[in-house]
Amino acid sequence: MAQEVVTTADQTFGTKPGWEGVVADWSSDRQTFPVHWGKAMMWIFLLSDTFIFSCFLTGYMNVRMSTTDPWPNPSEVFALTIFGNHIPLILIAIMTFVLISSSGTMAMAVNFSHRRNKKAIFWLMIATAMFGATFVGMQAFEWTKLIVEEGVRPWGNPMGAAQFGSSFFMITGFHGMHVSAGVIYLLVVANRVRTGFYDRKGSYDTVEIAGLYWHFVDLVWVFIFAFFYLW
Amino acid sequence: MAQESAQEHPISVYFIVWGALFVLSAFSYMVDYLQFQGYTRWILILTFMWMKAGAIVAIFMHMRWERPALIYAILGPPLCLLVLVGFMAVEGDFTSLTREMFFGVSNVFDAAAGSGH
């Protein structure tokens with residue numbers, strides 16, 4: 001673990017550009033991805049998650065295109081009246097900014113993990129988790145408002161196409177579940193940073209891997225925000 | 001860990017991307033707030049969406065510093081989804097059309113049937 005000689009992947013496996021490098025990496029009976037195995041597996045998991053969310057969004061596109069009922073206007077459905085001002089889509093905009101803030105703090109945490117600054121990593125990850133928890137809290141508020149005040153159900157709503165509720169609860173619910181799981185994941189890793197678990201292990205790769213998951217959750221929100229809320 | 005040594009970047013890179021994501025999100029929100037409609041709206045939404053997604057994947061997820069073997073293995077397969085989206089769009093369009101015809105939502109079919117009365 002604590003070898004003195006530092007070799008990079010490029011030194012070991014060479015640097016051929018583009019497809020030449022791809023062929024070289026996939027051939028010769030050796031490890032294809034010269035990265036931490038957890039990182040490669042996280043990327044593959046995220047790839048599968050991409051397909052899941054894409055199927056939801058594609059299903060949403062399909063039902064929205066095929067329904068003959070008018071689609072409820074998200075701009076109005078998600079509007080809030082704050083201090084007497086009626087502001088369209090404001091809650092979703094705030095949630096978007098909260099999630100982007102959390103992505104920023106996570107990127108910082110990963111950056112500090114390369115320098116093994118435990119205190120900075122720990123607090124930045126805690127901040128990330130808090131932003132995530134805030135996001136889920138706002139989502140709970142949004143769901144409550146929609147269910148109680150607007151009367152939106154998975155099988156119908158007073159504003160138009162029934163498919164609006166089905167897609168909404170499915171897509172945002174699945175995303176919210178990812179955020180909630182991510183918050184727990186971050187807290188576990190942050191605690192291990194604090195207790196010196198990764199110092200004993202000799203590697204802070206887990207911080208970067210957790211970061212990949214967290215950024216992915218933000219990435220999915222970019223698409224949900226664009227296709228469900230803005231379209 | 002030794003492999004990660006190539007992935008240390010000045011922290012300013014992250015601040016720049018972070019700021020850019022805020023600005024792009026604000027732009028996305030303005031598309032709705034200023035009530036752009038039709039093709040203008042769709043093009044703006046997609047432009048800002050892909051710029052944000054690209055920044056997150058390339059910089060925050062470090063993809064631009066990975067080796068091409070990993071980049072292509074991860075970013076290639078999702079292209080299949082375009083086929084799914086294409087098929088589902090055609091199917092959705094067809095379903096919409098048949099519903100309009102048989103449930104008489106629009107007057108396409110009514111007009112034809114009504115001429116017999």
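Predicted model: local features only at pLDDT ≥ 70, side-chain atom pairs only at ≥ 80, totals over all residues.
At what angle do helix α9 of chain A and helix α1 of chain B pack, and how far apart are their axes?

**View 1. Packing of helix α9 of chain A with helix α1 of chain B.** Because angles under 35 degrees count as roughly parallel, α9(A) is described as roughly parallel to α1(B). On the α9(A) side the contact is made by Phe225(A), Ala226(A) and Leu230(A), while α1(B) contributes Ser28(B), Val31(B) and Asp32(B). Sorted by class, the residues of this contact are four nonpolar, one polar and one charged.

**View 2. Helix α2 of chain B and its buried residues.** The 23 residues of α2(B), residues 38-60, should span 33 Å at 1.5 Å a residue, and this agrees with the end C-alpha atoms, which are 32 Å apart. Along this helix, Ile45(B), Phe48(B), Lys52(B), Ala55(B), Ile56(B), Ile59(B) and Phe60(B) are buried. These buried residues pack against α5 (90-115) and α9 of chain A, together with α1 of chain B. Just after the helix, His62(B) takes a positive phi of about 65°.

**View 3. The side of chain A that touches chain B.** Across the two chains, 50 residues of chain A are in contact with 49 residues of chain B. On the side of chain A that touches chain B, at least two residues are supplied by each of α1 (9-13), α2 (18-26), α3 (37-66), α5 and α9 of chain A. The residues on this side of chain A divide into 26 nonpolar, 20 polar and four charged.

Terms used. Residues numbered from 1 in each chain as written. Chains lettered and ligands numbered in written order. Axes fitted to C-alpha atoms, helices over the stretch in contact; angles between N-to-C directions. Helix = DSSP H or I, 4+ residues; strand = E, 2+ residues; numbered from the N terminus. Parallel < 35°, antiparallel > 145°, perpendicular 65-115°, else oblique. Contact = placed C-beta atoms within 7 Å. Nonpolar A, V, L, I, M, F, W, Y, C, P; charged D, E, K, R; others polar. Expected span 1.5 Å × (residues − 1). Buried ≥ 20, exposed ≤ 12 C-beta atoms within 10 Å, placed from the backbone.
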